[in-house]
Amino acid sequence: MEQFNPNTYKKQNTAQQFTGSCLGKIIICAVICIVLLIVAAISRPSDSYMRWQMEDNITECIASSDSIESDIIDDYVGNIGRIFTHADSTEVNPELWETYKKLNKLEIYPHTFFKTARIINNIHPEGVRVGIGIFGIVIPTVKYSDLLMNTGAVRGDYNQRLIKDATVPDMYTGDNPNIQPYHYKGNPDD
């Protein structure tokens, strides 16, 4: 409606008044959220599909991380790319895959509207989330640092101390002035 021309005013019907009101917008948003949650619950991936996709994503992560330290942006970009690609059977070294299978355990946890995959190993005994399955898609969040890929001795010889005594060489570091308590406050004995 133009402010100065009352002839252009058109009366709104009930649906237009409802969608224009705050309560109507809240109800519409709630209905959309409920529909999305129902679709998410129905399209949650199965355990076997989730495990197959996560093992494929972990295979790609192991193959691409060939002892190269990556930053968080590389991990995000790699994980986004892994949603749409599949690992080649010749991509990963069989010894690395056997090491992964020996030292790591992949578990799938169902939730109401989605599923999560967690890697459990000695580094992460409570598990670290490496994937989310929602709307029929498995979204990997795996990083090479989440996987335990090698083992070795934590300590050297038997009864070897973890913290060794450090010897500080006796060097002249300068004269220390005669500082007494409350020297900075203007003690009259100074």
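Modeller: Let's start with E107 and K105, which form a salt bridge whose closest N and O atoms sit 2.9 Å apart. Keep in mind that this is a predicted model. E107 has a relative accessibility of 19%, so with the buried class meaning under 20%, E107 counts as buried.

Another one joins K115 to D47, with 2.6 Å between the closest N and O atoms. K115 belongs to strand β2 (residues 115–120) and D47 to helix α3 (residues 47–64), so this contact ties together parts that lie 68 residues apart in sequence. As for how open the two ends are, K115 is buried, at 7% relative accessibility, while D47 comes out partly exposed at 42%.

Helix α3 turns up again in the pair of K101 and E55. Their side chains meet in a salt bridge at 3.4 Å, N to O. Here too distant parts of the chain are linked: K101 sits in helix α5 (residues 94–103) and E55 in helix α3, 46 residues apart. K101 is partly exposed, with a relative accessible area of 42%, and E55 is also partly exposed, at 22%. The cut-off matters for E55: buried means under 20%, so a value of 22% puts E55 in the partly exposed class.

Conventions: Residues are numbered from 1 along each chain as its sequence is written. This is a predicted model: local features need pLDDT of at least 70, side-chain atom pairs count only at pLDDT 80 or more; totals for chains, interfaces and linings use all residues. Side-chain values use heavy atoms; hydrogens and water are left out. A salt bridge is a side-chain nitrogen of Lys or Arg within 4 Å of a carboxyl oxygen of Asp or Glu. Helices (H or I, at least four residues) and strands (E, at least two) are DSSP runs, numbered from the N terminus. Buried means under 20% relative accessible area, exposed over 50%, partly exposed in between (1.4 Å probe, protein chains only).
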